Every structure is written in structure tokens, then in C-alpha cells.
Amino acid sequence: MSNLITIFIAAAFINNFVFYRFLGICPFLGVSRHIKSALSMGAAVTFVMVISGVSTWLIQNHLLDRFGLPFLQYPAFILVIASLVQLIEMYLKRYHSDIYKTFGIYLPLITTNCAILGLALLNSILKYNFTESFVYSIGAGSGFTLALIIMAGIREKLEIAPVPKPFRNIPIALIIAGLLALAFSGFTSLRFG
Amino acid sequence: MFQPTKDFLKGLWKQNPAFRLILGMCPTLAVTNMAVNGLAMGLATLFVLVASGIIISIIKGLIPSKVRIPCYIVIIASFVTLADYFLAAFYTDIHKVLGLYIPLIVVNCIILGRMEAFASKNPLLNSIADAFGMGLGFTWALVLLGSVRELLGFGTLFGATLLGSWYPGMLVMKLPTGAFITLGLMIALMNIINEKVRSTAQ
């Protein structure tokens, strides 16, 4: 149990996907203008991460490893992720149109979000078992959502700040992300047990 | 100007993927702690861009438009696997350092973006020129970023010591923070240069 808690904390804070592994930077810069959209995007990413993390684990362990097809890993993973996202989108549109309205527009963007494929590959690199992969996916998604919300909170304030013209928009967002990454690197010294 | 030349040149500066289009941020930030890593990542991306650009430009008439994105992704993923195995076989050290970020070329938005916006609509020669321009533009951006971070972080450039042993090295440049801040400053600098060029042209 404590092992699972460690995995969760490590994924969410110490090795935060945005600030430590640089995964999911594009949505991080693109969608983090308002807290509300940041929250929807974060929820969508976490949801897809958990489902695709679990299904790519099954594919890796019960298909690719069993039949000795390691070289098909990347095409297989990305196809599974792309079709999963498509399925989720169709399902939400048909049965949960209210949820679809809040984060439906972010779903197509998620296919090319490197955090999703990154998570699937990390599960296989770190050799996690099924439960560990599941917890790691939730942790990674929460960490991503946290990063997005912090950033959105700062950028909402930034809109009324007198930023020098060449720094407007992306450059200042990157510099703020750098300072946040510095803060997050403080978690590195976190020890357990 | 000859159209393919124009397609080639725009990727180098005017539509530089890393500095102007803000695409492919994950590898840009993640592997640029050393110049040589940036170079390797840039060249791997260049290879995948050109190879999949050629294939997609040739078979663009055969792919039904509804399933084009999955088709593109599978083509890209195959070339990424090729690049991955090539690096693992011949450049083991670099392959180890780049690690996770090589397979992530599959979801690099530059590649899918260029396939969707350019290679699927233009003839072969133009697509190749565009892919080379974008790939080289991405490569020089990564090498520049990597050089600045390596010089400030380790006092070396491509592994050769430039600043002597007196230089303690800035730890922050080796950390993720250094990546974010250096890239932010570079994009700002590029904005300033472009603004200067525009005002002198008028």
C-alpha cells in the first residue's frame, strides 16, 4: 500500500509531468488561460490517461511481450490511444452531452498530447504491474491538472499586468513555468519511510 | 522565387517551428541540456519529417480523408521506430540520454502538423523542401538552446571545455527551470529582432 502512495506522490509532485518530464507542454501553454478551462482540460487528460494507461498495459503485457513484437510498440500504442480518444468522444457526445460540452472540444487535442503516450511508455519502461500502472496514471493526471490550474491562476492575473511587448504571451508563460519548475524541484528531496 | 526554395526557407526563420510556431515544445525543452543531444534530437526529427513527408505526399490520393489522421500516425510511428532502432544500434550513448523522448517524436505536433497542413496537399518536391526546412529550423533551434544551456551549465560546448575549471557551472541551467527560462528569453529576443527588422524595412 505504501508503495502505491509513493508512486502516486512521485508521479504527481516529484516527477511532475509538466515541470520535470516536460510532457504535455503544448496544452499547458495553450489551454491555461482560465482556471475553468484548465480544470476541464485537466479532467479530460486524467480520464484518458487512466483508460489508455490501463489498456496499453494490457496490450504490452498480453500481446506484444507474449508474441515477441516489441518493435510494434509505438504504432500499437498510438493507434490504441487515438481510437480510445475517438470512442470516448463518441460515447460522451451520445450519452453525456453535458460533460461533452465542458471538455469535448479538448478531446481531439489529446491524441497528440505527448503526456498520454509518454505515460504509456513510462509504464512499460518502469516495469509497473497492473495496479501500479493504474495508480501511476491517476498520479500523473493529477499532477498535470495541478500544473495547469496553478498556471491558469497566474495567467489570469497576468492579463492585467504591464508585460513588456516582446515578452507578451508565450515568452512570459515560459518564464513563469520555469519559476514554477524551480518550486517543484523542491519536492525532489522528499523522502519516505 | 522558385516555389520549393520558398517552402524550404520559411521553416528556417519566418515559421521556425520551435521559436515562431511554438510546436514540439516537449523535446525542445527536455533534451537541450547539452548541444549534442539537441543536435541528435533535431536530426532524428528531420529524418522522420522528410521520410513521412515523402510517403504521405506520394500516397495522399489513396487515403480516405476520414481516416487520414490514424494513417499518418501509423506512418510516422513506423519511421520513429526505425530511427529509434538505428540510434540504439549505432549511437547507444545518445540513445540512452534521449530515452523516452525518441518515441515521443510520434506525437510531436510539428510532424503531424506539417503532414496535415502541407504534405497532404502539395506535390512531392514541395513537400520534401518543406520537410527539410522545418526539420533544419527545428534542429538549429535545438542546437542553439542546447549550446547556451551547456555553456552556462557545464562550461563546455559539444563536450569541449570552453570555460576553464574556474567556472563552477550554473546548476539552474541543468534543471528544467533553465530550459523554460532560456527558451522564453530566446522567443522574446526573436520578437525583438523581428520588430527591429520590420521597423527598419518601413
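Student: Which elements each supply at least two residues of the lining of the second largest pocket?
Tutor: They are α1 (2-14) and α9 (170-184) of chain A together with α2, α5 (92-98) and α9 (176-201) of chain B. Helices (H or I, at least four residues) are DSSP runs, numbered from the N terminus. A pocket is an open set of points on a 1 Å grid over the protein atoms alone, with protein on both sides within 12 Å along at least five of seven lines, and lining residues have an atom within 4 Å of a point.

Student: What conventions apply here?
Tutor: This is a predicted model, in which local features need pLDDT of at least 70 and side-chain atom pairs count only at pLDDT 80 or more, while totals for chains, interfaces and linings use all residues. Residues are numbered from 1 along each chain as its sequence is written, chains are lettered from A and ligands numbered from 1 in the order in which they are written, and side-chain values use heavy atoms, with hydrogens and water left out.

Student: What volume does the second largest pocket have, and which residues lie nearest its centre?
Tutor: Its volume is about 490 Å³, where a volume is the space filled by probe spheres set on the points, and grid points are joined across faces, edges and corners. Of the 26 lining residues, Tyr20(A), Phe22(A), Ala30(B), Tyr101(B) and Pro176(B) lie nearest the centre. By class, the lining has 17 nonpolar, 6 polar and 3 charged residues. Here Ala, Val, Leu, Ile, Met, Phe, Trp, Tyr, Cys and Pro count as nonpolar, Asp, Glu, Lys and Arg as charged, and the others, Gly among them, as polar.

Student: And what is the volume of the largest pocket?
Tutor: The largest pocket has a volume of about 680 Å³. Its lining comprises 28 residues, and those nearest its centre are Pro108(A), Leu109(A), Thr111(A), Thr112(A) and Leu112(B). The largest share of this lining, 6 residues, comes from α4(A). The lining divides into 19 nonpolar, 7 polar and 2 charged residues.

Student: How many cavities of 30 Å³ or more are there?
Tutor: The count is 1 cavity, a cavity being a set of points where a 1.4 Å probe fits but cannot get out.

Student: Buried or exposed: how does Phe79(B) count?
Tutor: Phe79(B) counts as buried because its relative accessible area is 18%, and buried means under 20%, exposed over 50%, and partly exposed in between (1.4 Å probe, protein chains only). Phe47(B), at 35%, is partly exposed.

Student: Where does Gly38(B) lie?
Tutor: Gly38(B) lies in helix α3 of chain B and is buried, with a relative accessible area of 0%.
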